[in-house]
Amino acid sequence: MFNLEPILSGAKIKGVTAFCVNSNPRSSNPFSLEIAVTTRRRQVQVYNVTEDKVVLIKEINISDIPVNLSSDGYCICIAMTNQYMMANYNTGEMTDLFPYDADTTSPVIKRVGKEEFLLAGPSALGMFVTSAGISQRPPLKWSENIHGVSYLFPYVVAMDEEFLTVHSVLDQQQKQTIPFQSGKILGDFEGRILVASRKEVYALVPLPVEKQIQALLSDQRVEEALTLARNAKKLGLAKEKFHKLYQRIQQQAGFIELSQFHYEEAAQLFKDGLLDVRELISIFPNHLPSTSNFNRSSPLLHQFADISSVVRGSKERLCECKTFLAGYLDSIRGGELSIGYREEVDTALLKLYAETDPEKLIGLVSSENTCSLKDAPEVLQRFSRHHALGLLYRYHLDNEKALHTWARLCDGELKDDSFPGLEFVVDFLSRLSDHELVWRYVDWALQKDPNLGVKIFTDRSESEALTERMRPDTVIDYLHAYPMAVMRYLEHLVFTKKLEKEKYHTHLAVLYLDSVLKKDAGTPKTEMDLARSKLRHMLEESSLYRVQLILGKVRETEMFAETAILYGKLEEHDKALRILVYRLRDYGAAERYCRINSKGRDRAYRRRLFQILLGVYLDPLEGKKDSLIAPAIALLNSEDADFDASRVLQLIPENWSTALLSQFLTNTVRQSLHTARITKLQRMLARTENLNLKSAQIAQQRDPIYVGEERSCQVCNRPFLEPSFVRYPNGVVVHTQCAWNKAVCPVTGRLFSTRVGATKR
């Protein structure tokens, strides 16, 4: 067993035509071999061979003379004179595979895996066959007259009269051709392939798998290199070494795909290979932060100095590559591949977006980022992205530089189409908590646009702590130079914040009035109407301004509606209504005046206002009595008006016909009857409730209650020393001071009706 001397003690096997060793025997004895032999007697025999004996295990009879065979486990693949077959010596099952032409094809059989064999088939094809008689791989295409095959994963070496050809089982492609004439024997032995001619024996030594893969990558055969790398683990590489090798190959393949402008494939390979993102950024000049000291890996992952050697002067390709880099960096940003390199990723994105995509640039610098403040200003200024620079300063809490940049944009010193304008700066100032910095830009913003600038104060958060510099009085004093701004600020205090301070309300009313008085005859009617409507709204809704002060100014003008409102605030309703009726002839406004001023008051006050208005209608000045009959009748018939009918009848002229007053009289009688009936019903209900209470009290007092010296309070257990006590409906008797709640029994906790309660005697 350990030299070339024959074993004389073993049995002799006669008539052998071929034999093979089972590389995957089912025997559990490690010191034995399992062989299969074919004989001229049309038999296949399986033997177990040890150092001192040969034992027949199984014998299979077949229909033809076997000429070659190979075995694995219980399976034996047999070549007969013109047919291949598969036999299972454990079950005895026999399966015909396919025929072959013995004149043109040598019957070659080679085990290539567990229960899988490679057979020389027709048309110069190498057929893969499993123990089940099926093929799970595409066939190999090799030369004619193959008479020897050897296998060393992942390669099959085939031998003919002139050449050795090397094929891969991974993609079924021929990889190499080696001239070798007069070859006689080809075999693989313990991981080595030996080939013999008539006089010499040679060993085929494969290159290390790393060199094979690198050679494929050098030829830019990416798919073949990756396929070989994926199967490198089967070649015996350690798990850690395999993963390291495979990741590096993926990275190299990614750069090859990038050089061929296959962007999706490159991105996926970079991600799968866990590429250090700085390797990719570094091929784009000046895109790494200036503070980075990154050096490319050794050995290099690619052979080009930078992206210019890839695009070869094509501006279109360069733009595509930059778009690819931006997309790739954005896809890994915030993920595992950017951990430790976030400054490099964000800075590279900033430089790319500044050149090609200002919209995404705004999003980048407005949100969480780690862009290098050393590189960003120069880049953003070079591409006129000044607004983005301001946003970057703001994110890094350098608000002074941000405001300085935005102010220059508003002043026209800088240009940037993406800048929103003054409104954006005002909004930022309204949310800025550094009040000292805010005040430095208040005057600048007010000079630009008073209506917009005042929002620095009106749009501030309610939750912001109030400081001395932001007190309303301080702000109002400062805004005096800007009338429209101070008006907007007072509106904010009065109508939005609803501050109830007389000086704010009076100040706003005076400003409204001055705004109206300053307008001349040439002022557009719509502008005048708007100004007066604001004044009237203020005068009607507020009750905190100094009425006499405003009235003194209004009375000298022809602002009759405003004068009427002010008289109403002074409770001089007769004067107010006479102005509305006689001066303005606005009868609807007169009724509205009564409704507004009686809101929240009792019915008597409401009736008095409508009575005054009716009196104004029926007692007009300058002899215009008959001209106001129609509005008087309309007032009497109004659903909103409320009158004391007896007083109305005293005011109505004697010459008015009943038909003229029919609707009013009908409504009055109906209302009077309804009120009388409701009153009677309420009185009867109250009487019924009173009788029920009296009945309940009589029922409780019907039975006597005996309280003697021997009876004590059920709460404090002390005797009754005074004649007064409290008895609950459930019979519990206690001192008056012990009855803490007459609706709840102090002993049992029972709740009684609050209408009857306890009885005190």
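Helices are DSSP runs of H or I with at least four residues, numbered from the N terminus. Helix α23 in this predicted model covers residues 573-583 and holds both Arg578 and Asp574. The two sit four residues apart, about one turn of the helix. Their side chains form a salt bridge, with the closest N and O atoms 2.9 Å apart. Arg578 is partly exposed, at 21% relative accessible area. Asp574 is also partly exposed, at 34%.

The structure holds 32 salt bridges. Among them is the pair Asp188 and Lys110, with a closest N to O distance of 2.6 Å. This pair links distant parts of the chain. Asp188 lies in strand β17 (residues 185-189), and Lys110 lies in strand β9 (residues 109-113). The partners are 78 residues apart. Lys110 counts as buried because its relative accessible area of 18% falls under the 20% cut-off. Asp188 is partly exposed, at 25%.

Asp640 and Arg595 meet in another salt bridge, at 3.7 Å from N to O.

| Salt bridge | N to O distance |
|---|---|
| Asp188 and Lys110 | 2.6 Å |
| Arg578 and Asp574 | 2.9 Å |
| Asp640 and Arg595 | 3.7 Å |

Terms used. Residues numbered from 1 in each chain as written. Predicted model: local features only at pLDDT ≥ 70, side-chain atom pairs only at ≥ 80, totals over all residues. Heavy atoms only, no water. Salt bridge = Lys/Arg side-chain N within 4 Å of Asp/Glu carboxyl O. Buried < 20%, exposed > 50% of the residue type's maximum accessible area, 1.4 Å probe, protein only.
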